[in-house]
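The exercises below are to be worked with the sequence and the 3D structure open. Each task is followed by a solution in steps.

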Amino acid sequence: MKSAHEPGEVTLIEALSRGLPGDRLVVDPDVLAAISHDEAEWAPAGKAVAGVRARTEAEVQHVVRACAELGAAIVPRGAGTGLSGGANAVGGCVILDLSRMNQVLEIDPDNLVCVVQPGAVNNDVKAAVAEHGLWYPPDPASAPWSTIGGNVATNAGGLCCLKYGVTRDYVLGLRAVVGGPVAYGDAVRLGRRTTKGVAGLDLVGLFVGSEGTLGVVTEVTLRLRPALAGTPRTVVGAFPDLVSSGQAVAQITRRGLTPAVLELLDRACLEAVEEWKHLGIDADAAALLLARVGHPGDSGAAEASAIAATMNRGGRAMGGAVHRRRGGRGAVRRQAAGLPRARATRPGAHRGRLRAQVPSARDAGADQHDRGPAWRADRHRRARRGREPAPVPDHAAG
Ligand SMILES: Cc1cc2nc3c(=O)[nH]c(=O)nc-3n(C[C@H](O)[C@H](O)[C@H](O)COP(=O)(O)OP(=O)(O)OC[C@H]3O[C@@H](n4cnc5c(N)ncnc54)[C@H](O)[C@@H]3O)c2cc1C
């Protein structure tokens, strides 16, 4: 881009402000710095010239055209929870913040689709469709903060991806502002909103995971599923070493059992959870295997029992037990706090005695919104240790 301002020449900031309401432009150095990097602290971040907090697709088009005219790079940004530096500024760029375009535009229960703006937060979309008895499955651990636009750009996956798939499996169509081929700033509609769509090239599939390199996503049509009824069952198994826990995973897969979630926590992870949440987990196990069976009724009960039996039979499981989870995260915490401490010490000695439930990373993080300064300081500390996204400063969030 042109860095020096010649007399009579339009600067990038002037060009941007010509087509934007005054409150969209970010030039305050502190605020700009706060939105110039994601959660990848190791990745270098350059110095942005300005930020734009777009609220409409037309504003996105204006930014793309102005930057194309003056040769400036654009870095789209959702919530900045990425772990690869994808939302980090490059020198002289404009940070295009999509987090204010956060509306759920349409929910169509008859066709199991919804249409959202790119800045809609994953968990907010889940909550909105849940009111209609629907479910948006992709569940990155960052779901309380990360945006659908960011999820699309990174093809985010989560705990339930083994059974229910990743973001790509739920994006039916999208709108994006692209950099050509006809003219910079064109808005294009790609994909469909029907279940079947086999004609032509899969341009939506190309866009998903492209990390902002093909264009700026301004609207997403998502496939939904009917919400699962009933109480999920969690199966917990403790293992004396990682190898035996891996063997249990292989056995579960080989038997055709497909839990909605199958998560392995090694010793370091268990200690980190205990240090963080003080759930009273002091199992001597080297690994815990957590499986969650989401579907209700007898078939769900049978699958949970089969998973527990597989863990116990899997050679060296120290314990496998099925728990019904009632009442969401609070119940998990109360249950964990009131349960006996696990004391499994040798293979087979304490079969079925393990009673600790560990919340998933998402469960643990989902209540972290809107806390006070102490919480924010704690979040910064954890973010430095790579566990949670750092909060954007208050003055930057306005
Ligand atoms: C605690 C924590 C847990 C995480 N857990 C998971 C996990 O389980 N699974 C997983 O896959 N990831 C996970 N991540 C990584 C991150 O949350 C995901 O990559 C997420 O999809 C990023 O969303 P975002 O809104 O924060 O996007 P950002 O970080 O802001 O951006 C990510 C990329 O998308 C591009 N982008 C953003 N919005 C748009 C848009 N509208 N149009 C075009 N490009 C855009 C950016 O330029 C950048 O390249 C985790 C991160 C943290 C901090």
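Helices (H or I, at least four residues) and strands (E, at least two) are DSSP runs, numbered from the N terminus. The structure is a predicted model, in which local features need pLDDT of at least 70, side-chain atom pairs count only at pLDDT 80 or more, and totals for chains, interfaces and linings use all residues. Residues are numbered from 1 along each chain as its sequence is written.

**Exercise 1. The chain as a whole**

Task: State how many helices and strands the chain has, what percentage of its residues count as buried, and what percentage of the contacts join residues at least 24 apart.

Solution. 
Step 1. The chain contains 14 helices and 15 strands.
Step 2. A residue is buried if 20 or more other C-beta atoms lie within 10 Å of its own, exposed if 12 or fewer, and partly exposed in between, with C-beta atoms placed from the backbone. By this count, 42% of the 398 residues are buried.
Step 3. Two residues are in contact if their C-beta atoms, placed from the backbone, lie within 7 Å. Taking contacts between residues at least 6 apart in sequence, 69% join residues at least 24 apart.

**Exercise 2. The open sheet of four strands**

Task: Give the strand order of the open sheet of four strands and name its edge strands.

Solution. 
Step 1. Two strands pair if DSSP finds at least two bridges between them. The order is E1-E2-E4-E3, and the pairing is mixed.
Step 2. Strand E1 (25–26) and E3 each pair on one side only, which makes them the edge strands.
Step 3. Strand E2 (residues 50–53) and strand E4 (residues 94–97) run parallel and are joined by four bridges. Valine 52 has leucine 96 in E4 as its bridge partner.

**Exercise 3. Strand E10**

Task: Which strands pair with E10 in the antiparallel sense, and over how many bridges? Is E10 largely enclosed, and why?Solution.
Step 1. Strand E6 (residues 113–116) pairs with E10 over four bridges, in the antiparallel sense. In this pair, valine 113 stands opposite arginine 223 in E10.
Step 2. Strand E8 (residues 171–179) also pairs with E10 in the antiparallel sense, over seven bridges. Here valine 178 stands opposite glycine 215 in E10.
Step 3. Eight of the nine residues of E10 are buried, so E10 is largely enclosed by the rest of the structure.

**Exercise 4. The two sides of helix H4**

Task: Which residues of H4 are buried, which exposed residues are on the face turned away from them, and what covers the buried residues?

Solution. 
Step 1. Asn122, Val125 and Val129 are buried in helix H4 (residues 122–130).
Step 2. These residues cover an arc of only 60° around the axis (taken from the directions from the helix axis to the C-beta atoms), which puts them on the same side of H4.
Step 3. The exposed residues Ala127 and Ala130 sit on the face of H4 turned away from its buried side.
Step 4. The cover over the buried residues of H4 includes strand E5 (104–108), E6, strand E7 (134–135) and H5.

**Exercise 5. The shell around the ligand**

Task: Describe which elements supply the shell around the ligand, what classes of residue it has, and where it lies relative to the domains.

Solution. 
Step 1. A residue is near a molecule or strand if its C-beta atom, placed from the backbone, lies within 6 Å of it. There are 34 residues around the ligand, and Gly78, Gly82, Gly86, Gly149 and Gly150 come nearest.
Step 2. Strand E3 (74–77), helix H5 (148–154) and strand E10 (215–223) each supply at least two residues of the shell. H5 gives the largest share, five residues.
Step 3. For the classes, Ala, Val, Leu, Ile, Met, Phe, Trp, Tyr, Cys and Pro count as nonpolar, Asp, Glu, Lys and Arg as charged, and the others, Gly among them, as polar. The shell has 14 nonpolar, 15 polar and five charged residues.
Step 4. Domain bounds come from an automatic or database domain assignment. The shell around the ligand lies between domain 1 (12–97) and domain 2 (104–226), because both give residues to it.
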